[in-house]
Amino acid sequence: MSDCNLNRCVNYTNLEEGIIMKKVYLCMSTDVIHGGHIKLINNAAKLGEVTVGVLTDTVVASYKRFPMLSYEERANIISNIKGVANVVPQTDLSYKENLLKYKPDYLVHGDDWINGLQKPIREEAIQVLSTYGGELKEFPYSGEKEYDMFEAGVRKQLSIPDLRRGRLKKLLGMKSTVTAIEAHNGLTGLIAENTQVVENGKAYQFDAMWVSSLCDSTAKGKPDIELVDMSSRMRTIDEIMEVTTKPIIFDGDTGGLIEHFVYNIKTFERMGISAIIIEDKVGLKKNSLFGNEVVQTQDTIEHFCEKIKAGKKALKTKDFMLIARIESLILEQGMDDALNRAFAYVEAGADGIMIHSRKSSPDEIFEFCDKFRAKDNITPLVVVPTSFNTVTEDEFARRNINIVIYANQLTRSAFPAMKETAEIILKNHRAKEADDVCMSFKDIIRLIPEE
Ligand code: SPV
Ligand code: MG
């Protein structure tokens, strides 16, 4: 039976006991409601009583972009739209859990998920619906240009320094483990910003970017010894910021002289960087992955605490994080030294602790984290698993490690690819053979969309 008037046409199931309205489910993530969404809700309401599953903040951040409005605000807005009867959280990109929980007669979706990233999500939804006789109803996706421009406008907002800066802290409150990948120019920034995979009903993106001293120096053909000056490093950050929205963690090396650090940290804060990590070394700093193979001098606890205190005092916002990096394990000074330093640095005001190791086994990192967490369950812990790279993010999360930084993999993968291409051209005295390892020139010219 159906009951149609000008605005609504609702389906009912006629059971002996009476009339039961059909149950309709659709999912929304948006914080930018436009006519396309209203149209879809109207279409859904014609089929029955509409329940909207609103994606939770972590899912939106992993699937789309950081939400401008929180789950509560989005749920409140959507629940007030005509035709919406219920709003429930959807905690995964996958519909499985909510379909099995609410058993809607109809799942409503735009037809934009037939191909692309959401294809496996759609296929799973169809399979789940078939287990209890539910049906998928797809409506043409309203791909109007104005709506895309609307979305692009929101993305631009996210890149504004004052909005970007605090997002790392927000992410730390939302996720058990925040991931960051290195970026050293606009292009790697875009990879960090846009790379996404969908696996087992979940979407994955990197949460943040790490502006590594190693990769920034290597990209300039220079050694990682604080040779690339601050102006140049700031230029790199600016280049990345121009084309991205995700929070930036800046590798500040030793932070330099305290007298200089107090000026530079203010500049980083003003630029919209979310965190700086400074390491407790002095003099000619070399990359930690050399360990004691080269001469490296660790700072005294007292002096490094002075640097932390001075840096924190210079800051103007609560959004910006100063994270202290401990080199005791790298320089083989022992676990006790690492832990003493960690507690002293937190006492001096550090907003987080990065513990580093160049061992392939994570044992010393885990021992440090367990012992640190026995006394401090709040301060964020950061790791850079370049050498102990068998550990998964879930394992780090179980150890209460909050930030995982993939510090150099983009640079390390790009270099051999470029070298191989150069060799192929040299060997063949022409470029044809290199085409097999290159993206097409059509793709490269379209890689960066015009505004
Ligand atoms: C960097 O990426 O520059 C770092 C991390 O400082 S490491 O290279 O492991 O020292
Ligand atoms: Mg570095």
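## Strand pairing around V108

In this predicted model, the bridge partner of V108 in β8 is K137. Strand β7 (residues 106-110) pairs with β8 in the parallel sense over five bridges; strands are DSSP runs of E with at least two residues, numbered from the N terminus, and two of them pair if DSSP finds at least two bridges between them.

Both strands belong to an open sheet of five strands, ordered β6-β5-β4-β7-β8 with parallel pairing. Its edge strands, each pairing on one side only, are β6 (84-90) and β8 (135-139). From one strand to the next, the twist averages 30 degrees.

## Two sides of helix α8

In helix α8 (residues 167-174), R167, L168, L171 and L172 are buried (under 20% relative accessible area, 1.4 Å probe, protein chains only; exposed is over 50%, partly exposed in between). They lie on the same side of α8 because they cover an arc of only 145 degrees around the axis, taken from the directions from the helix axis to the C-beta atoms. K170 and G173, on the other side of α8, are exposed. Helices are DSSP runs of H or I with at least four residues.

## Nonpolar surface patch

L187, M439, F441, I444, I445, L447 and I448 form a nonpolar patch on the surface, with about 720 Å² of accessible area together (Shrake-Rupley method, 1.4 Å probe). Patch residues have over 30% relative accessible area and no salt bridge, with nonpolar side chains joined within 5 Å; a salt bridge places a side-chain nitrogen of Lys or Arg within 4 Å of a carboxyl oxygen of Asp or Glu.

Helix α18 (residues 441-447) supplies the largest share of the patch, four residues. I448 lies in the segment after α18 and counts as partly exposed because its relative accessibility is 45%.

## Conventions

Residues are numbered from 1 along each chain as its sequence is written, chains are lettered from A and ligands numbered from 1 in the order in which they are written. Local features need pLDDT of at least 70 and side-chain atom pairs count only at pLDDT 80 or more, whereas totals for chains, interfaces and linings use all residues; side-chain values use heavy atoms, leaving out hydrogens and water.

Conventions
Patch = residues over 30% accessible without salt bridge, like charges linked within 9 Å, V, L, I, M, F, W, Y side chains within 5 Å. Axes fitted to C-alpha atoms, helices over the stretch in contact; angles between N-to-C directions.
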